[in-house]
Amino acid sequence: PAASFPDQVSEEEKHRRSAILIEEKNRIRDEILDAMVREGAPLSVVVETVKDGIASAHAENFAELRFPADGVTHGEVTEVFPVSHKDGIIFGKIKK
């Protein structure tokens with residue numbers, strides 16, 4: 001295994017590299033979510049949870065969504081318009 005190879009990378013360097021990769025991943029994620037919100041096309045989702053009037057779901061592209069439940073229930077398939085996003089979660093409204 002790689003752990004037995006000589007010239008191991010220091011823990012400090014591992015953390016530095018990890019931080020760079022996480023930052024880049026978040027930048028790319030935000031670009032993708034920005035485009036989804038800008039496009040505004042409805043996303044087909046299966047409602048996973050409903051709590052305190054807020055539904056949560058994942059779209060076919062694995063994007064995580066939150067939106068006002070407006071009467072939807074667990075397991076229901078609905079379409080959601082993306083309105084905004086924050087911290088990797090799209091906030092939307094149900095297509096009516």
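**Exercise 1.** Is E24 buried, partly exposed or exposed?

*Solution.* Start with the basis of the values: this is a predicted model, in which local features need pLDDT of at least 70 and side-chain atom pairs count only at pLDDT 80 or more, while totals for chains, interfaces and linings use all residues. Residues are numbered from 1 along each chain as its sequence is written, and side-chain values use heavy atoms, with hydrogens and water left out. Next, apply the cut-offs: buried means under 20% relative accessible area, exposed over 50%, and partly exposed in between (1.4 Å probe, protein chains only). With a relative accessible area of 35%, E24 is partly exposed.

**Exercise 2.** Find the residue with which E24 forms a salt bridge, and describe where the two lie.

*Solution.* A salt bridge needs a side-chain nitrogen of Lys or Arg within 4 Å of a carboxyl oxygen of Asp or Glu. The partner of E24 is R27, and their closest N and O atoms are 2.5 Å apart. Both belong to helix α1, where a spacing of 3 residues separates them by about one helical turn (helices are DSSP runs of H or I, at least four residues, numbered from the N terminus). R27 is also partly exposed, at 39% relative accessibility.

**Exercise 3.** Which residues are linked with R16 in a network of salt bridges?

*Solution.* Begin with the pair R16 and E13, whose side chains meet in a salt bridge of 2.7 Å, N to O. Then extend the picture to R17, which is linked with E13 and R16 in the network.

Notes:
Helices (H or I, at least four residues) and strands (E, at least two) are DSSP runs, numbered from the N terminus.
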